[in-house]
Amino acid sequence: MDAATIQAMIEQGLPGAQANVSGDDGVHFEAEVVAEQFAGKLPLARHRLVYATLGDLMGGAIHALALKTLTPAEVAARR
C-alpha cells in the first residue's frame with residue numbers, strides 16, 4: 001500500500017475533499033483531510049467517514065492511519 005493510493009481513495013470517497021497522506025513503511029500512515037462533509041460532525045464521526053472510504057484495507061493493508069480532519073472553514077481560520 002502506498003500514500004498516493006490512499007489519498008486517491010479518500011478523495012474519491014469524499015467528493016471535493018483534499019487529502020494529504022504520508023507514510024514510508026507501507027503500513028503506517030498519516031493523513032490530513034479537508035472536507036466540507038465534516039461540518040457539524042465530531043472528530044469520531046469525521047474519522048468514520050474517512051475509514052469508510054478505505055473499507056477492508058483498514059486493519060489489513062493499512063495497519064494504522066493517524067488522521068487530522070478539518071473543514072475548509074477551519075483551515076481558513078488557522079491562516
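**Figure 1. N20 of β1 faces E32 of β2.** In this predicted model, N20 stands opposite E32 in β2. β1 and β2 pair in the antiparallel sense over 5 bridges. (Strands count as paired if DSSP finds at least two bridges between them; strands are DSSP runs of E, at least two residues, and helices are runs of H or I, at least four, numbered from the N terminus.) The hairpin of β1 and β2 has 5 residues between the strands, and G23 takes a positive phi near 160° there. Residues are numbered from 1 along each chain as its sequence is written. Local features of this predicted model need pLDDT of at least 70, side-chain atom pairs count only at pLDDT 80 or more, totals for chains, interfaces and linings use all residues, and side-chain values use heavy atoms, with hydrogens and water left out.

**Figure 2. The two faces of β1.** A19 and V21 form the covered face of β1. Q18, N20 and S22 form the uncovered one. In a regular strand the side chains alternate between the two faces of the sheet.

**Figure 3. β2 and β3 run parallel.** 7 bridges join β2 (residues 28–34) to β3 (residues 64–70). E30 stands opposite A66 in β3. From β2 the chain passes through helix α2 (residues 43–54) to reach β3, and this β-α-β crossover is right-handed. (Right-handed: with the strands pointing away from the viewer, the path from the first strand over the helix to the second runs clockwise.)

**Figure 4. The buried side of α1.** Which residues of helix α1 (residues 3–13) are buried? They are A3, I6 and I10. They lie on the same side of α1 because they cover an arc of only 65° around the axis. (The arc is that of the directions from the helix axis to the C-beta atoms; buried means under 20% relative accessible area, exposed over 50%, partly exposed in between, with a 1.4 Å probe and protein chains only.) The buried residues of α1 pack against β1 (18–22), β2 and α2. (Contact means heavy atoms within 4.5 Å.)

**Figure 5. The exposed face and N-terminal cap of α1.** The face turned away from the buried side of α1 carries the exposed residues A4 and Q12. D2 caps the N-terminal end of α1. A side-chain oxygen of D2 lies 3.1 Å from the backbone nitrogen of A4. (A polar contact is a pair of N or O atoms within 3.5 Å; within protein, one must be able to donate a hydrogen and the other to accept it, and residues adjacent in sequence count only if both atoms are side-chain atoms.)
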